[in-house]
Amino acid sequence: MSIKKVVGASLIGTTIEWYDFFLYGSAAALIFPTLFFPESDPTVATMLAFLTFALGFVARPLGGIIFGHFGDRIGRKTLLVISLLMMGGATFAIGLLPTYASVGILAPILLVALRLIQGIAIGGEWGGAVLIVSEHGDAERRGFWASWPQAGVACGNLLATAVLAVLAAVQSEEAFNSWGWRVPFLLSAILVLVGMWIRLAIEEPAVFKEAVADAPAKMPLFDVFRYHWRDVLTALGARFVENVSYYVITAFVLVYAVKNAGLTKPMVLNCLIIASAAHLIVIPLWGALSDRIGRKPVYLLGAVGVGLWSFAFFPLIDSKNFAAVTLAVTVGLILHGAMYGPQAAYFSELFGTKVRYSGVSVGYQLASIVAGGLAPTIALTLLEGFGSPLAVSVYVAAGAVLTAVTVAVSRETRGRDLRSLDEKVKV
């Protein structure tokens, strides 16, 4: 099967799933505090909304374990279809939820339940999406091809932000708060049908079929921690600031820019649209660069870059100037892309084929709990506690140190033959 067809199917499916996931994050910052937690103090309501956002990340490792287990045993394709159905169904259901004003405490309970389903689905999605491309592609251009499912994250965020921005621009705030916010969630049903049609056409990678021809691993997760525990730690550390910085730049900024800097919602959403478009463009470019000079140098550039840029980020937001705010978010996401572009190939090249789905999923998703899921809440707590965004910048910079050290001491994986890992470790 053509690598371009595989990449296209993976990119579109990933875009749809992350559209669903990020739509929730934007809504948690902009609308959910008043709809589902109206009796709380505004700051507390925002924190509660962000905590429901974080629950999706708590569920992601569970999704990674479940989907990784069956993905390593029965194949990548089936699990990718299931994850898409779960994510789309949960997102559509959020669009139908009654609010606190209608059913009281039942509203946030239902919201949490659906968020957990989203988390499980996205926890299984990422590993399958990047592996089906990594395992179809060749070693020489794996960084480039495998970066396209990563670009789906930027596509999903761009799409979610754009839909919200359009609705915010054409509707009154009263209409948006009343029913307009439901539209982006309900649109998910159409996107899922498109994604299903495309994903059902792809084939399992040859390297996977060869690896499990004799017998798949009985308990892939156990084999991951037996043979690849150092690689799991590498993925955890490498993910830390990549995850923290992304959610500070794209989710926390919505709260800070509107409530602290006094910017309007449409202005901030427009800045994020421009930045997400740039993010989408640079992710494959960073992936291609990692094929030429290695995964580690590109990744280190991104980690050090976001750590330093975090100290310029908030002063630019505080300027209240559209160009400056756009620059702050865009440069932040470009530097983030230097980590995210090579990441899929980098992590795929750490694990043997029989346990690769479990290995990349566990390493990737465990970091999402403490790094991505809690980042907006931690950032908001630091801002409230210290009264200055400088504390948030220090938080991002500390994460950058952790990631930079992890990547610096890890092995370079560029050009590695995936089959060589199967010969090295028999499971």
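Here is a walk through this predicted model, from its overall build down to a few single residues. Local features are described only where pLDDT is at least 70 and side-chain atom pairs only at pLDDT 80 or more, while totals for chains, interfaces and linings use all residues. Residues are numbered from 1 along each chain as its sequence is written, and side-chain values use heavy atoms, with hydrogens and water left out.

Let's start with the whole thing. The protein has 20 helices and zero strands; helices (H or I, at least four residues) and strands (E, at least two) are DSSP runs, numbered from the N terminus. Along its principal axes, the C-alpha trace spans about 60 × 40 × 35 Å. For 427 residues, a compact globule would have a radius of gyration near 22 Å, and the protein's 20 Å agrees with that. That radius is taken over C-alpha atoms, and the globule rule is 2.2 Å times the number of residues to the power 0.38. Of the 427 residues, 62% count as buried, where buried means under 20% relative accessible area, exposed over 50% and partly exposed in between (1.4 Å probe, protein chains only). Now look at contacts, meaning heavy atoms within 4.5 Å. Among those between residues at least 6 apart in sequence, 86% join residues at least 24 apart.

Next come two helix pairs. Two packed helices are described by the angle between their axes and the distance between the axes. Axes are lines fitted to C-alpha atoms, for helices over the stretch in contact, and angles run from 0 to 180 degrees between N-to-C directions. Angles under 35 degrees count as roughly parallel, over 145 as roughly antiparallel, 65 to 115 as roughly perpendicular and the rest as oblique.

Take H13 (residues 229–260) and H19 (residues 390–409): their axes come within 8 Å and cross at roughly 155°. That makes H13 roughly antiparallel to H19. Their crossing is left-handed, which is the name used if the near helix is turned anticlockwise from the far one by less than a right angle, with right-handed for clockwise. On the H13 side, the residues in contact include Leu233, Phe240 and Phe252, and on the H19 side they include Tyr395, Leu402 and Val407. The residues of this H13–H19 contact divide into 13 nonpolar, six polar and no charged. Here Ala, Val, Leu, Ile, Met, Phe, Trp, Tyr, Cys and Pro count as nonpolar, Asp, Glu, Lys and Arg as charged, and the others, Gly among them, as polar.

The other pair is H3 (residues 42–74) and H6 (residues 106–134), with axes 6 Å apart and an angle of about 40°. H3 and H6 are therefore oblique to each other, and their crossing is right-handed. Among the residues that meet are Gly56, Arg60, Gly63 and Gly64 in H3, and Arg115, Gly119, Gly123 and Gly124 in H6. The H3–H6 contact has eleven nonpolar, seven polar and two charged residues.

Finally, some single residues. Isoleucine 74 belongs to H3. Leaving out residues up to four places away in sequence, isoleucine 74 touches Leu79, Glu204 and Phe208.

With the sequence neighbours up to four places away set aside, glutamine 343 touches Trp126, Gln150, Arg239, Glu242, Tyr299 and Tyr364.

Lysine 320 sits in the loop between helix H15 (295–318) and helix H16 (322–348). Lysine 320 is exposed, with a relative accessible area of 52%, and has a positive phi of about 65° although it is not a glycine.
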